[in-house]
Amino acid sequence: MTTPAVSSRDLPHPTCGEIRLEAVLHALSDPMRLRIVRELAADGDELSCSHFDLPITKSTTTHHFRVLREAGVIRQIYRGTAKMNGLRRDDLDDLFPGLVDALLDAAARQAVRAEG
């Protein structure tokens, strides 16, 4: 059961027990979503949607954030007028030990290969 939205500004998120491996892997299979997660992991804190300089339209960016949120990869919360995004690292590490580190390491190696 997805956590219910309390107000129109609260966004629904899956509980830790509802996060499914196949949903996480699907969410991270897209290069833009993987890029978002890499930036969140590198920063280690919450980042606003406007922080991300992605080469896609705003509506497509919104879609990517929604896929990540609904898969349980990120948590989104409004702080004032900004929608803040944070990696659900603790939940993912508890459910799938080593998965996030392995995916981030693989993505970093792939990025180096693409540059070279």
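Select Val-73 to begin: leaving aside neighbours within four places in sequence, Val-73 is in contact (heavy atoms within 4.5 Å) with Val-24, Ala-27, Leu-28, Val-37, Leu-68, Gly-86, Leu-87, Arg-88 and Leu-92. The model is predicted, with local features needing pLDDT of at least 70 and side-chain atom pairs counting only at pLDDT 80 or more, while totals for chains, interfaces and linings use all residues. Residues are numbered from 1 along each chain as its sequence is written, and side-chain values use heavy atoms, with hydrogens and water left out.

Buried stands for under 20% relative accessible area, exposed for over 50%, and partly exposed for what lies in between (1.4 Å probe, protein chains only). Helices (H or I, at least four residues) and strands (E, at least two) are DSSP runs, numbered from the N terminus.

**The cavity**

Now show Leu-28, Leu-34, Val-37, Val-73, Leu-87, Leu-92, Val-100, Leu-103 and Leu-104, which line the largest cavity. Helix H2 (31–43) and H5 are the elements that give two or more residues to this lining, and H5 gives the most, with 3 residues. The volume of the largest cavity is about 40 Å³. On a 1 Å grid over the protein atoms alone, a cavity is a set of points where a 1.4 Å probe fits but cannot get out; a pocket is an open set with protein on both sides within 12 Å along at least five of seven lines; lining residues have an atom within 4 Å of a point. Grid points are joined across faces, edges and corners, and a volume is the space filled by probe spheres set on the points. The cavity lining divides into 9 nonpolar, no polar and no charged residues. Here Ala, Val, Leu, Ile, Met, Phe, Trp, Tyr, Cys and Pro count as nonpolar, Asp, Glu, Lys and Arg as charged, and the others, Gly among them, as polar.

Move to the largest pocket, with a volume of about 330 Å³. Select Cys-49, Lys-58, Thr-61, Thr-62 and Phe-65, the closest to its centre of the 18 residues that line it. H3 supplies the largest share of the lining, 6 residues. The pocket lining has 8 nonpolar, 6 polar and 4 charged residues.

**Salt bridges**

The whole structure holds 7 salt bridges, each a side-chain nitrogen of Lys or Arg within 4 Å of a carboxyl oxygen of Asp or Glu.

- In helix H3 (residues 58–71), select Glu-70 and Arg-66, which lie 4 residues apart, about one turn of the helix. Their side chains meet in a salt bridge (3.7 Å, N to O).
- Go to Arg-88, a contact of Val-73. Arg-88 counts as buried because its relative accessibility is 5%, and its side chain meets that of Asp-91 in a salt bridge (2.8 Å, N to O).
- Finish at Arg-89 and Asp-101, whose salt bridge is 2.1 Å, N to O. This pair links distant parts of the chain, 12 residues apart: Arg-89 is in helix H4 (residues 89–95) and Asp-101 in helix H5 (residues 99–115).
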